[in-house]
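Take a walk through this model with the sequence at hand.

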Amino acid sequence: MILRRPKAVLALPKGLVDPGEKPMETALREVYEETGVTADVVAKLDDIKYVYSRSWGDGQRVFKIVSFYLMRYRSGRINHISPKMRIEVAHARWIPLEDAPQMLAYRGEKQMAQRAQEYLIAHAEFLPADP
């Protein structure tokens, strides 16, 4: 039998909401755990709702809501993550926001990257000043 490594995909950080946690707190925690950087929330972009069937165990259908936030880098080093997170994240990296809709693997995440670009255009105070 030949074992193949799963194909690598480029995806945004996300995860389950822990008991007592709010979705925004989850987003901030997951960004830190999966990238090694801390961030501040600028705005909530939207929620994506979808259903999938588990590819493991009982194959049960799962309804999922993922909340996406536009964030601004505060501190930390990208890809400086704990060894236990390497099971979920092979490599964390920065990509230009304008390239994200083409590079991200999942349709909903592509839409969120586009929405982030639209937000930044509408809120010029978040864009870097020209030198």
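In this predicted model, helix H3 has 16 residues. From first C-alpha to last, H3 reaches 23 Å, close to the 22 Å expected at 1.5 Å a residue.

Now look at which residues of H3 are buried. They are Gly-108, Glu-109, Met-112, Ala-113, Ala-116, Gln-117, Tyr-119 and Leu-120. An α-helix has 3.6 residues a turn, so residues three or four places apart point the same way. The buried residues of H3 pack against strands S1 and S2 and helix H2 (100-103).

Next comes the largest nonpolar core, with 10 residues. H3 gives the most, with 4 residues. Follow Met-112 as one example. Leaving out residues up to four places away in sequence, Met-112 touches Leu-45, Asp-46, Ile-48 and Phe-68.

Now turn to helix H1 (residues 23-35), where Glu-34 is found. Which side chain of opposite charge is nearest to Glu-34? It is Lys-14, 6.5 Å away. A salt bridge needs a side-chain nitrogen within 4 Å of a carboxyl oxygen. Glu-34 is buried yet has no salt bridge. The backbone of Lys-14 is another matter. Its nitrogen lies 3.5 Å from a polar atom of the Glu-34 side chain. Beyond four places in sequence, Glu-34 touches Pro-13, Lys-14, Ile-81, Met-85, Glu-88, Val-89 and Ala-92.

Conventions
Residues are numbered from 1 along each chain as its sequence is written. This is a predicted model: local features need pLDDT of at least 70, side-chain atom pairs count only at pLDDT 80 or more; totals for chains, interfaces and linings use all residues. Side-chain values use heavy atoms; hydrogens and water are left out. A nonpolar core is a set of buried Ala, Val, Leu, Ile, Met, Phe, Trp, Tyr and Cys residues joined through side-chain atoms within 4.5 Å. Buried means under 20% relative accessible area, exposed over 50%, partly exposed in between (1.4 Å probe, protein chains only). Helices (H or I, at least four residues) and strands (E, at least two) are DSSP runs, numbered from the N terminus. Contact means heavy atoms within 4.5 Å. The expected span of a helix is 1.5 Å times one less than its number of residues. Lys and Arg count as positive and Asp and Glu as negative; His and the chain ends are not counted. A polar contact is a pair of N or O atoms within 3.5 Å; within protein, one must be able to donate a hydrogen and the other to accept it, and residues adjacent in sequence count only if both atoms are side-chain atoms.
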